[in-house]
Amino acid sequence: MAVQVISTISEMQSISEKLRLNGKSIGVVPTMGYLHEGHARLIKAAVLENDIVIVTIFVNPLQFAANEDLSSYPRNFKRDIEVVNDMGGTIVFAPSVEEMYPEGFDTTIKTGNISLKFEGVFRPTHFDGVATVVMKLFMATKPHSAYFGQKDYQQVTVLRQLIRDLRIDVFIRVLDTVRETDGLAKSSRNVYLSTVEREKATILSKALTLAIKAALQGERRRDTLNEIMKNELKSFEDIHIDYASAACAETLEEPPLFAPEGEIVFLVAVRLGKTRLIDNMVYRPGTSPEFLL
Ligand code: AMP
């Protein structure tokens with residue numbers, strides 16, 4: 001069946017309300033469009049686990065700072081609809097900016113401490129914008145479950161906190177990062193990369209893999225783990241490191257020495273030419289990451 005496209009909040013709400021009354025489970029996949037395999041994986045999982053899957057497509061101005069790439073963010077609505085169709089999604093909710101933030105809009109969510117570090121240092125207004133739009137998308141689509149990618153690790157941590165703090169009745173599902181065969185995490189922003197930059201961009205997953213290997217061999221000193229990532233990222237002079245940090249996977253705390261049995265997340269963000277790239281990998285003691293085999 002063809003995907004239904006909805007663009008107003010009131011219509012979306014009344015459709016979701018009826019679906020709920022009919023006992024249907026609703027999964028939502030929030031995206032900014034220009035869908036790739038990472039998004040497709042989320043949609044596929046949602047289709048398997050819900051009666052109805054709503055994919056939201058909205059490039060959210062609130063999460064971009066004035067100097068960021070809002071106006072150049074890649075878009076291809078027609079192809080996006082095809083991807084949603086192919087994956088078995090039911091509805092695309094694609095509101096306009098005016099629909100989401102009409103004149104006089106004056107309320108935002110203020111995220112807390114967990115949003116101040118890492119991405120928050122470089123994008124101080126970003127997570128408030130994300131939290132606000134996700135809340136609005138939840139209010140519009142009334143989902144039982146929402147699907148997010150581990151690719152945006154801190155975003156998931158911030159959203160889990162939001163859900164806990166406001167007691168939002170939505171189950172969060174997080175799916176692994178989908179990568180290109182050479183390790184680069186799929187991202188809508190990868191189209192910004194020149195051919196040479198695209199080759200250099202594999203350095204992010206290489207740096208993360210080295211840190212995972214060190215953790216597998218028992219390294220628990222934060223500074224040493226961070227140095228391992230930074231040294232690798234410094235292989236190319238034109239890569240500017242925003243951060244390369246090991247942190248507790250759950251709390252994002254950064255103790256000088258990690259507990260032997262604790263999960264560690266390695267987070268990197270770099271600027272390569274005009275493109276900002278982020279990536280992460282999680283070390284889970286006792287499991288051998290499949291990419292290292
Ligand atoms: P975006 O359209 O970039 O805002 O992403 C929408 C959702 O897709 C977010 O939950 C992202 O974390 C997720 N996502 C983006 N890239 C990937 C990827 N390579 N693998 C898995 N999920 C991803």
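Reply: Rings of Phe, Tyr and Trp (its six-membered ring) pair if their centres lie within 6.5 Å, and planes under 30 degrees apart count as stacked, over 60 as edge-to-face and the rest as tilted; here a search of the whole structure finds five aromatic pairs. In the pair of F118 and Y243, which is tilted, the centres are 5.5 Å apart with 40° between the planes. This is a predicted model, in which local features need pLDDT of at least 70 and side-chain atom pairs count only at pLDDT 80 or more, while totals for chains, interfaces and linings use all residues. Residues are numbered from 1 along each chain as its sequence is written, and side-chain values use heavy atoms, with hydrogens and water left out.

Me: Which parts does the pair of F118 and Y243 tie together?

Reply: F118 lies in the loop between α4 (97-100) and α5 (119-122) and Y243 in strand β7 (residues 239-248), so the pair links parts 125 residues apart in sequence; helices (H or I, at least four residues) and strands (E, at least two) are DSSP runs, numbered from the N terminus.

Me: Which residues are closest to the ligand?

Reply: A residue is near a molecule if one of its heavy atoms lies within 4 Å of it; 17 residues surround the ligand, the closest being M32, H39, D152, V178 and K186. The element that gives the most to this shell is α2, with three residues.
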